[in-house]
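Student: I have a model open and would like to talk it through with you. Could we start once it is on the screen?

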Amino acid sequence: MLIDADDTLWHNNIYFEQTTETFIDYLRHTSLGRDEIKQVIMEIEHANLQTKGYGAESYANNLVEAYIAGSPNGKSTRNSSMTSSISV
């Protein structure tokens, strides 16, 4: 199997990871741990992948959606147990 990956993605992925960690620190969720929040973000990313694709803009939108879903009065476009489990 041959995989042709964009070198830019490999080198810039650390920035996405650092941003995720900073987002989790900022969120200071009261009931979910870091790994659980990362899982929520990943589920949102996968759900939005077909319509929004990859990249900084779609990633930022995914974090906004995760923040809204995790806020006390947040509303999300998701109708799954994922968003109900991240209420603050």
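Tutor: Let us begin with Ser58, which touches Lys52 and Gly53 once residues up to four places away in sequence are left out of the count. Please keep in mind throughout that this is a predicted model.

Student: OK, where is Ser58 placed, and is Ser58 buried or exposed?

Tutor: Ser58 has its place in helix H3, and at 6% relative accessibility this residue counts as buried.

Student: Which backbone oxygen does the side chain of Ser58 reach?

Tutor: The side chain of Ser58 reaches the backbone oxygen of Gly55, at 3.1 Å.

Student: And how far apart are Ser58 and Asn48?

Tutor: Ser58 and Asn48 are separated by 10 residues in sequence and by 8.2 Å in space, taken from C-alpha to C-alpha.

Student: Which residues in H2 meet which residues in H3?

Tutor: From H2 there are Ile41, Ile44, Glu45, Asn48 and Lys52, and these meet Ser58, Tyr59, Asn61, Asn62, Leu63, Glu65 and Ala66 in H3. Sorted by class, the contact of H2 with H3 has five nonpolar, four polar and three charged residues.

Student: Asn48 keeps coming up. Is Asn48 buried or exposed?

Tutor: Asn48, which is found in helix H2, is buried, with a relative accessible area of 6%.

Student: What does the side chain of Asn48 make with the side chain of Asn62?

Tutor: The two side chains make a polar contact, at 2.7 Å. Asn48 and Asn62 lie 14 residues apart in sequence, while their C-alpha atoms are 7.8 Å apart in space.

Student: Is Asn62 buried or exposed, and which residues does Asn62 touch?

Tutor: Asn62, whose place is in helix H3, counts as buried at 4% relative accessibility. Not counting residues up to four places away in sequence, Asn62 touches Ile44, Glu45 and Asn48.

Student: What about Glu65, buried or exposed?

Tutor: Glu65 is also placed in helix H3, and with a relative accessible area of 11% this residue is buried. Its side chain is joined to the side chain of Asn48 by a polar contact of 3.2 Å.

Student: Why does Asn61 count as partly exposed?

Tutor: Asn61 lies in helix H3, and its relative accessibility is 34%; partly exposed covers the range between the buried limit, under 20%, and the exposed limit, over 50%, so Asn61 falls into that class. Between Asn61 and Asn48 there are 9.5 Å in space, C-alpha to C-alpha, and the two are 13 residues apart in sequence.

Student: Tyr59 next. Which residues is Tyr59 in contact with?

Tutor: Leaving aside its neighbours within four places in sequence, Tyr59 is in contact with Phe16, Thr19, Thr20 and Glu45. Tyr59 has its place in helix H3 and is buried, with a relative accessible area of 9%. Tyr59 and Ile44 are 15 residues apart in sequence, with their C-alpha atoms 9.7 Å apart in space.

Student: Switching topic again: where is Arg28, and what is its phi near?

Tutor: Arg28 is placed in the loop between helix H1, which covers 7-27, and H2. Its phi is near 45°, a positive value in a residue other than glycine.

Student: Is Arg28 buried or exposed?

Tutor: Arg28 is exposed, with a relative accessible area of 69%.

Key. Residues numbered from 1 in each chain as written. Predicted model: local features only at pLDDT ≥ 70, side-chain atom pairs only at ≥ 80, totals over all residues. Heavy atoms only, no water. Contact = heavy atoms within 4.5 Å. Helix = DSSP H or I, 4+ residues; strand = E, 2+ residues; numbered from the N terminus. Nonpolar A, V, L, I, M, F, W, Y, C, P; charged D, E, K, R; others polar. Buried < 20%, exposed > 50% of the residue type's maximum accessible area, 1.4 Å probe, protein only. Polar contact = N/O pair within 3.5 Å; in protein donor to acceptor, adjacent residues only side chain to side chain.
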